[in-house]
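Please look at the structure below before reading on. The paragraphs that follow go through it part by part.

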Amino acid sequence: MKIKVLLADDEKEFVNALAQRLELRDLSVTTVYSGEGAIEMAEKIDFGVIVLDVLMPEITGIDALKKIKKAKPNTPVIMLTGEATVENAIQGMKLGAFDFLMKPADTELLVGKITQAYTLKYEHEERIRQAEIENIINTRGW
Amino acid sequence: MYKKIINNLFLLEGEPQNRYKALKRNIIIIMVLITTLPLATMIIINYFQYRSHLRSQIIAPLYAMAEKTKHSFELFLDQRLAIIRFVSTTYNFEDLSNEKDIEKILLSLKKEWSGFVDIGLINKDGELVSYAGPYSLLGKNYSEQISFQETQIKGKYISNVFLGHRKSPHIVIAVQHITDKGQTWILRATIDTDFFDNLISSMGLPRQTDAFLISKDGFLQTDSLYYGNTLEKCPLPLPKIQFRSTSFEETDDKNRDIILVSSPFSIADYILVIAQPQSVALKSWYAFRTDMMIIFLVSLVIIVFSIIKMTDVLIKRIKTSDEHREKVLVELQHAQKLSSIGRLATGVAHEINNPLAIINQKAGLMNDLVERTKDFDKKPKFVDLTNAILNSVERCKKITHRLLCFSKRIDVKIEPVNMNHIIHEALEFLEKEILYRKMDINLNLSESLVSVKSDHGQIQQILLNLLTNAFAAIEDLGRVEIETENGKDGGIKVKITDNGCGIPKDVIKNIFDPFFSTKKENGTGLGLSITYGIIKKLGGKISVDSNPGEGSVFTFELPEKPNDMETING
């Protein structure tokens with residue numbers, strides 16, 4: 001099953017090209033061009049990984065991250081940042097972002113980070129699921 | 001107005017060298033005036049006060065002497081007058097008319113009192129009716145003479161000195177007698193003036209000092225040492241005040257400056273005059289004046305010398321301070337230039353980064369697509385072209401990263417660092433290039449190098465930049481020497497010397513400016529500018545010395561710890 005990735009950046013050309021490249025690497029990519037769109041989409045669909053640009057007009061990547069983390073705390077978020085906004089990216093890490101990458105990001109590196117983030121999320125969810133199953137077995141006495 | 005004068009005096013414009021010279025000259029003139037004017041004023045006031053005081057001190061004894069001598073004269077004359085008056089009242093006209101009696105009286109007078117020459121009796125008509133003395137004056141009529149008329153009016157008379165028949169100076173004393181019955185007659189005596197000379201010679205006059213009697217019409221009544229003999233006209237002017245003792249200064253006929261003390265008689269028309277040359281009278285004053293002038297001149301020389309020396313030191317300090325200020329201003333301008341260029345660079349880099357990311361992704365996508373497509377004609381060429389685009393993007397990315405690195409605020413981590421250790425680390429980064437180009441790296445690292453508080457990563461960046469530049473400057477097989485030593489005040493000094501192409505003089509002055517590069521397409525022109533910025537931030541300094549064709553020496557110093565940790569961390 002392909003990893004579902006939400007890609008949010010206000011640079012349409014960049015997002016589209018990157019999305020195509022990620023899709024060529026067997027990822028299912030949904031693109032949005034604003035922070036608002038990212039929040040809306042993240043609330044609607046359960047993505048494997050979300051990639052957010054830090055610097056977006058109106059709702060910034062950091063604000064979007066806060067809301068997404070509130071709605072979907074287990075979804076890993078990777079921040080994309082320009083050099084001058086490293087501090088913001090670090091702030092994002094403190095707010096629960098999985099990692100951050102400097103623009104223009106190397107695609108293979110990004111794919112690696114996405115896979116890593118998804119694997120961790122998957123393992124985490126697996127552990128939760130296992131724990132829940134064990135809990136059901138224990139409570140129902142199967 | 002006042003401010004304008006001060007500005008003109010001290011804030012001078014023009015060539016620096018001339019400005020300092022003019023400033024030095026103005027300060028010296030003003031200081032000399034300020035210090036010497038009060039001194040000169042004091043000296044002048046003291047001069048006149050002391051001269052006046054000393055004059056009165058010098059003249060006072062002359063006054064006393066004149067007064068005392070005058071009293072002796074007056075006493076002499078008064079006594080003689082009293083004797084004649086006594087004779088006139090003791091004897092009557094008939095007694096005195098008797099030749100024998102008057103002879104007897106003259107003998108007695110001569111015996112008891114000095115100076116008497118003759119004596120005679122004059123009746124109311126002015127006729128000499130009786131006479132005792134060496135001359136035959138009997139029967140002579142005096143009615144037309146001043147002595148007779150004066151005696152008739154005042155009752156007594158003392159004449160000025162005159163030469164008698166014997167051609168010796170003498171005076172006449174006469175008194176009028178009026179009997180109870182109204183009979184009047186005059187007793188007249190002639191007295192020689194030897195006593196006058198005796199009295200003057202007994203005054204004990206100081207050297208070159210003259211004393212003499214003059215009549216109120218200016219004729220000498222006694223001989224003078226310098227101004228003539230008895231009855232000659234005195235060449236000195238008469239005192240203006242003739243009723244009390246006075247002193248005045250004159251230049252005599254021998255062109256000598258003299259002090260004159262005059263003391264007029266009350267009972268006769270004589271004036272006693274003491275004349276003393278000023279060179280004698282004011283000898284102590286002249287000595288004092290010379291001393292005072294010497295002290296003044298010596299003080300003046302000391303003051304002027306001190307002022308010149310002090311001004312010299314002051315001007316040198318001002319000059320050094322000005323130079324230092326100018327240097328700081330240049331550094332400040334440089335720092336401001338770096339800062340504004342830094343801000344500009346951030347903006348440019350950021351704006352470029354976005355399209356760069358798009359190009360990167362688009363070219364990457366092209367590559368991805370081509371890789372996933374069957375082979376076609378020109379496929380390798382196509383891949384090469386997209387790779388070239390990606391390489392160029394990578395190059396641009398490096399430039400924008402360095403631009404951002406140049407301008408961005410970095411959190412400096414200050415910790416004790418070992419410079420020798422960082423040098424080894426930096427060389428490890430460049431190991432491959434060193435091996436490949438067979439460069440000779442000569443390390444001369446001080447074993448006793450102190451550890452300083454600084455930023456490890458930033459120092460690494462400095463060394464990498466400087467070494468990269470040195471490597472770029474030398475040919476293969478070239479030599480680079482790295483030297484460390486302890487600096488002043490607990491800091492360290494690092495010297496990187498290469499035997500490369502060197503830097504021309506016109507390039508050196510811009511070498512730390514951003515975007516200044518001699519490597520053309522291979523350099524961003526930011527390396528040394530970043531290095532400069534980091535070293536400044538860490539409180540150090542960097543200098544470069546180069547001879548074209550021989551090589552360059554980059555020396556940087558770091559302090560024991562950065563001056564302002566707050567600024568650095570801020």
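Where the two chains meet, 14 residues of chain A are in contact with 19 residues of chain B; two residues are in contact if their C-beta atoms, placed from the backbone, lie within 7 Å. On the side of chain A that touches chain B, helix 1 (residues 12–24) of chain A supplies the largest share, seven residues. Helices (H or I, at least four residues) and strands (E, at least two) are DSSP runs, numbered from the N terminus. Sorted by class, that side of chain A has six nonpolar, three polar and five charged residues. Here Ala, Val, Leu, Ile, Met, Phe, Trp, Tyr, Cys and Pro count as nonpolar, Asp, Glu, Lys and Arg as charged, and the others, Gly among them, as polar.

This is a predicted model, in which local features need pLDDT of at least 70 and side-chain atom pairs count only at pLDDT 80 or more, while totals for chains, interfaces and linings use all residues. Residues are numbered from 1 along each chain as its sequence is written, and chains are lettered from A and ligands numbered from 1 in the order in which they are written.

In chain B, strand 10 (residues 270–277) is mostly covered, with seven of its eight residues buried. A residue is buried if 20 or more other C-beta atoms lie within 10 Å of its own, exposed if 12 or fewer, and partly exposed in between, with C-beta atoms placed from the backbone. Strand 10 of chain B pairs with strand 7 of chain B in the antiparallel sense over six bridges; two strands pair if DSSP finds at least two bridges between them. In strand 10 of chain B, I274(B) stands opposite A211(B). Strand 9 (residues 257–264) of chain B also runs antiparallel to strand 10 of chain B, joined by seven bridges, and these two strands form a hairpin with five residues between them.

I274(B) is also among the residues with the most contacts inside the largest nonpolar core, which has 58 residues. A nonpolar core is a set of buried Ala, Val, Leu, Ile, Met, Phe, Trp, Tyr and Cys residues joined through C-beta atoms within 7 Å. Helix 2 (residues 16–90) of chain B gives the most to this core, with eight residues. Apart from it lies another core, of 46 residues, including L22(A) and V49(A).

Last comes a backbone detail. Most residues other than glycine have a negative phi. Q208(B), not a glycine, has a positive phi of about 60 degrees. Q208(B) counts as partly exposed because it has 15 C-beta neighbours inside 10 Å.
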